[in-house]
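Let's take a walk through a protein model and look at which side chains meet. Keep the 3D view open as you read.

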Amino acid sequence: MELLQLLSHLPGYRVVSPAGTLTGIPISHITADSRQVKPGTLFVAYRGVAVDGHRFVAAALAGGAAAVLVEQDAWARPPQPAPNGSVPVIAVPDGREALAYLSAAWEDFPAKKMTMVGVTGTDGKTTTTNLLYHMLAAAGKAVGMISTVNAVIGDLVLETGLHTTTPDAPDVQRYLAQMVAGGADVCLLETTSHGLAQHRVTACHFDVAVVTNITHEHLDIHGSLEGYRAAKARLLDMLAVAAEKGIPKTAILNCDDYSFDYLKVRLGERRWRGYSIEDHPEAAVTARDITCLPDKTVFTVTGPGYQFEAETVLVGDYNVSNCLAAAAAAIEGLGLSPDAVRQGIAALPGVPGRMERINEGQPFTAVVDFAHTPNSLRRALAAARTLTEGRVIAVFGCAGRRDVEKRVLMGQVAAELADYTIITAEDPRTENLADILEATARAMVARGGVESRTFERVPDRGRAIFRAVQLARPGDMVLALGKGHEQSMCFGEVEYPWDDREALRSALRGQPLLTLPTAQQN
């Protein structure tokens, strides 16, 4: 593709140092990684969270870049490497945004060729996305899915990363192009606040946008709950500029969540539908007669002109809310039949790392769950209370280099709702693990916790899970919380292989699965 053809799809650009005309310059590759530059590459530089890509412009030029895109404000700040005069340098307002549009153009805008559903929220995104996948499959639709667990493209299942996040824009657009090539009608795209703020899902032309909830998370990135809420709301804003495809653009809102009034006002006159498990007067889709059993949940879904009984293996009121989010998107947004929705809810066998039961024949219940926010921890522990008559024993940690307020909030929740808690490592990164554990322990003591009586600290996560299993008596429930489906844990700046499910299985068999030597955890 020629450079000018690609540039024509950008919202705005200016030429900084042209080498004559921009016409006739072939581009064979686009990247933001200078290590991947080869002759014919268009290199896109932007300011990242930890690294400024403009530092690598000289390396990109040395590698044979055919053209370079820079951010106009960053490029104006000295010191900067002098660009090779024979290579055009183009300035754009936002490098990440430009990379998204360029990636979409490179793949011939695949999102315009499918119905696109974006799902965002603090908690419940992956479960809601998977529920929708099964509803669409029950309706006979060819559906693809990109979630924080994996990408499903026809019969192909691809891992999307070690930690939960939306893939970068080039990967997203490549996945979408593969779905189009495979004949997909609908794409479900789980969108994190990072994915929205960093333009990873820009140019995805959404038709339906689902917001599950907005609670305390990622305040280290967004600065405040209001800033985080605004980042999530960008998904709704994207509906207004998406390509028209013959179906009404629809937002799906949780009427029970604190974000509802804010999002409703932000939408203005644009189309939205609400859902509620609390019989909210503005909800189009509600749940009634909820019955929570140890192995399933039964409830009645009611909407405009339809009513049906639904049954799911998912447990907890919060999963009823996730079912309603998917049902509202399916029926009110995509026009699926209530029967397809009912079948889809029943067909979901569970979601990896979400209240996933691990059974090695033990006389108590053992569960792995992804709860890593104060709200999701509260929900998981509250659900556990309804599923066992014994004690609730929780194992969890708080990540390093992330929102430090969570350490206090999660300690408070555990002190209130768990009978016994073991606080441990969860991706301490470059922070001192003992300091993280101390912050959580202080919060637990402030809420009435007594160390060695209602909680303890076990830095090694494998030993912590093993300790919980040792403490469990018949009828208790042990929950390993915070990692869920993830396949690694970060110490320092290195990702080490780790799986809570394997650790819990090993503990149940009588052998702790260790993470790292204690010296390395600090």
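A salt bridge is a side-chain nitrogen of Lys or Arg within 4 Å of a carboxyl oxygen of Asp or Glu. Keep in mind that what you're looking at is a predicted model.

Start with Arg 273 and Glu 332, whose side chains meet in a salt bridge with 3.8 Å from N to O. Arg 273 sits in strand 13 (residues 272-276) and Glu 332 in helix 11 (residues 317-333), so this pair ties together parts that are 59 residues apart in sequence.

Another one joins the side chains of Arg 47 and Glu 71, at 2.7 Å from N to O. Here, too, distant parts of the chain are linked: Arg 47 is in the loop between strand 3 (41-44) and helix 2 (57-62), and Glu 71 is in strand 4 (residues 67-71), 24 residues apart. Arg 47 is partly exposed, with 33% relative accessible area.

Asp 427 belongs to the loop between strand 20 (420-423) and helix 15 (433-446), and Lys 483 to the loop between strand 22 (477-481) and strand 23 (488-491), so the pair connects parts 56 residues apart in sequence. Both of these residues are buried. Salt bridges can also join up into a network, as they do for Glu 438, Arg 442, Glu 451 and Arg 457.

Next, the rings. A pair of aromatic rings is described by the distance of the centres and the angle of the planes. The structure holds 2 aromatic pairs. In one, the ring centres of Phe 260 and Trp 272 are 5.5 Å apart and the planes are at 70 degrees, so the pair is edge-to-face. Phe 260 lies in helix 10 (residues 260-267) and Trp 272 in strand 13, so the contact ties together parts 12 residues apart in sequence. Phe 260 is buried at 2% relative accessibility, and Trp 272 is buried at 18%.

Finally, look for charges over rings. Lys 112 lies over the face of Phe 109, at 4.5 Å from the ring centre, and Arg 174 lies over the face of Tyr 175, at 5.1 Å.

Notes. Residues are numbered from 1 along each chain as its sequence is written. This is a predicted model: local features need pLDDT of at least 70, side-chain atom pairs count only at pLDDT 80 or more; totals for chains, interfaces and linings use all residues. Side-chain values use heavy atoms; hydrogens and water are left out. Helices (H or I, at least four residues) and strands (E, at least two) are DSSP runs, numbered from the N terminus. Buried means under 20% relative accessible area, exposed over 50%, partly exposed in between (1.4 Å probe, protein chains only). Rings of Phe, Tyr and Trp (its six-membered ring) pair if their centres lie within 6.5 Å; planes under 30 degrees apart count as stacked, over 60 as edge-to-face and the rest as tilted. A charge sits over a ring if NZ of Lys or CZ of Arg is within 6 Å of the ring centre and within 35 degrees of the ring normal.
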